[in-house]
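Dear colleague,

I am handing over a structure to you with this message, and I would be grateful if you could look at it before reading my notes.

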Amino acid sequence: MDPRFWHDRWETGRTNFHEGQPNAFLVDYIQTLNLPKGARIFLPLCGKTRDIAWLLSQGFHVVGAELSAIAIDQLFADLDVTPDITQHGTLQHRSAPYLDIYVGDIFDLTPTALGQVDATFDRAALVALPADMRDRYAQHIVTLTQSAPQLLVTFQYDETLMQGPPFAIPADQVKALYGDAYTLTRLARQDTDGGLKGHPATEELWHLIAAPAP
């Protein structure tokens, strides 16, 4: 997928994928991760998600990665925070107390720049990527986070009725992408309120824990 697609969406305000409130799965299942206050939670392709404000309010340190500078401008404006800005190679690092956001191509983000990750919450990254990018992305996340535990949100729907993003990702594909690195458990499954683009859809939440070494 051409990055121009996402830049155009933010530039023209066509961000219907943005949830105006914290994700219900995150709120209901964050305790599954058993994290202490101050733990660092990584949100890939975070946009200006309200999940960040909610996680900060719960005492967590949030680290995000996002392609669009417009989205991150809006994020910090919503938080009423002025970030410190530095450059890390091709990525811009915007930071504030308990918050670090890397603006640019997530594939340019390195484990050294990202730092320690105690858990990942992926609500909008994997489902935003077409099939030919998912293997690379999944491998990158495993490496970036050193197989940190993860809560992963996916969608199921009839792909003959609509096209993503968000893309439908069946259970067998989740297992193919992450099964070597993690033990996977589906924690929840529910119909998406109002469907997606006018069509029925189901939302699923997966819990990924690093698989034992062979």
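The notes below go from the whole chain to a few single residues.

Please keep in mind that this is a predicted model, in which local features need pLDDT of at least 70 and side-chain atom pairs count only at pLDDT 80 or more, while totals for chains, interfaces and linings use all residues. Residues are numbered from 1 along each chain as its sequence is written, and side-chain values use heavy atoms, with hydrogens and water left out.

The protein chain holds seven helices and nine strands, where helices (H or I, at least four residues) and strands (E, at least two) are DSSP runs numbered from the N terminus. Its radius of gyration is 16 Å, close to the 17 Å that the globule rule gives for 214 residues, so the chain is as compact as a globular protein of that length; the radius is taken over C-alpha atoms, and the rule is 2.2 Å times the number of residues to the power 0.38. Along the principal axes, the C-alpha atoms fill a box of roughly 45 × 45 × 30 Å.

Of the 214 residues, 50% are buried, a word that means under 20% relative accessible area, whereas exposed means over 50% and partly exposed lies in between (1.4 Å probe, protein chains only). Among contacts (heavy atoms within 4.5 Å) between residues at least 6 apart in sequence, 66% join residues at least 24 apart.

A search of the whole structure finds two aromatic pairs, and for these the rings of Phe, Tyr and Trp (its six-membered ring) must have centres within 6.5 Å, with planes under 30 degrees apart called stacked, over 60 edge-to-face and the rest tilted. Phe-25 and Tyr-29 form an edge-to-face pair, with 6.3 Å from centre to centre and 70 degrees between the planes. These two residues are four apart in helix H2 (residues 24-29), and are therefore separated by about one helical turn. Phe-25 counts as buried at 4% relative accessibility, whereas Tyr-29, with a relative accessible area of 23%, is partly exposed. Tyr-178 and Tyr-182 also form an edge-to-face pair, at 5.7 Å centre to centre and 70 degrees between the planes, and both Tyr-178 and Tyr-182 are buried.

Finally, Gln-139 is found in helix H6 (residues 131-145) and counts as exposed, at 55% relative accessibility. Gln-139 and Leu-161 are 22 residues apart along the chain, and their C-alpha atoms are separated by 30 Å.
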